Amino acid sequence: MRFDFSFPLAPVAKVYCDAIARELMSSFDIDWQEATGRMNRHWTNMEFTSEEDIDVLTQELPYYWARRIYFGPDAKWWVDGETHLTPL
């Protein structure tokens with residue numbers, strides 16, 4: 001069963017969130033359900049429907065969002081590397 005996102009998305013934001021989920025899956029060896037679940041938890045009560053919201057989402061690459069979602073907003077994976085970090 002394939003689960004999707006629980007937050008509202010414009011079509012272009014949906015495509016971008018799909019790319020983030022695929023990045024989570026390929027980088028951290030998780031399935032679609034876990035990737036979207038992590039994204040749903042990270043973006044609870046958010047929506048990416050307006051042009052401004054979509055700009056905020058797309059100003060960072062899926063690579064960035066995947067790591068922020070997987071390790072948490074306080075992890076500095078770009079400084080210390082990812083090998084010793086604990087996922088959320």
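Helix axes here are lines fitted to C-alpha atoms, for helices over the stretch in contact, and angles run from 0 to 180 degrees between N-to-C directions. The helices themselves (H or I, at least four residues) are DSSP runs, numbered from the N terminus. The structure is a predicted model, in which local features need pLDDT of at least 70 and side-chain atom pairs count only at pLDDT 80 or more, while totals for chains, interfaces and linings use all residues. Residues are numbered from 1 along each chain as its sequence is written, and side-chain values use heavy atoms, with hydrogens and water left out.

Helix packing comes first. Two packed helices are described by the angle between their axes and the distance between the axes. The axes of α1 and α2 cross at roughly 120° and come within 9 Å. The two helices are therefore oblique to each other; angles under 35 degrees count as roughly parallel, over 145 as roughly antiparallel, 65 to 115 as roughly perpendicular and the rest as oblique. The crossing of α1 past α2 is right-handed. A crossing is left-handed if the near helix is turned anticlockwise from the far one by less than a right angle, and right-handed if clockwise. For α1 and α3, the axes come within 10 Å and the crossing angle is roughly 20°. That makes α1 and α3 roughly parallel to each other, and α1 passes α3 in a left-handed crossing.

Helix α2 covers residues 32–42 and contains T36. T36 counts as buried, at 1% relative accessibility; buried means under 20% relative accessible area, exposed over 50%, and partly exposed in between (1.4 Å probe, protein chains only). The T36 side chain reaches the backbone oxygen of Q33 at 3.3 Å.

Next come the aromatic rings. Rings of Phe, Tyr and Trp (its six-membered ring) pair if their centres lie within 6.5 Å; planes under 30 degrees apart count as stacked, over 60 as edge-to-face and the rest as tilted. By this rule there are 10 aromatic pairs. F7 and W43 have ring centres 5.7 Å apart and planes at 70°, so this pair is edge-to-face. F7 lies in the segment before α1 (11–28) and W43 in the loop between α2 and α3 (51–58), so that the pair links distant parts of the chain, 36 residues apart. F7 and W43 are both buried. In F28 and Y70 the ring centres are 3.8 Å apart and the planes are at 5°, so the pair is stacked. This pair ties together parts 42 residues apart in sequence, because F28 lies in helix α1 and Y70 in helix α4 (residues 62–71). F28 is buried at 12% relative accessibility, and Y70 is buried with a relative accessible area of 11%. One aromatic cluster is formed by F5, F7, W32, W43, F48, Y64 and W65.

Helix α4 is largely enclosed by the rest of the structure, because 7 of its 10 residues are buried. Among the buried residues are W65, R67 and Y70. After α4 comes G72, with a positive phi near 105°.

Most residues other than glycine have a negative phi. D29 has a positive phi, near 50°, and lies in the loop between α1 and α2. D29 is exposed, with a relative accessible area of 72%. N45 has a positive phi near 65° and is placed in the loop between α2 and α3. N45 is exposed, at a relative accessible area of 77%.

Notes. A polar contact is a pair of N or O atoms within 3.5 Å; within protein, one must be able to donate a hydrogen and the other to accept it, and residues adjacent in sequence count only if both atoms are side-chain atoms.
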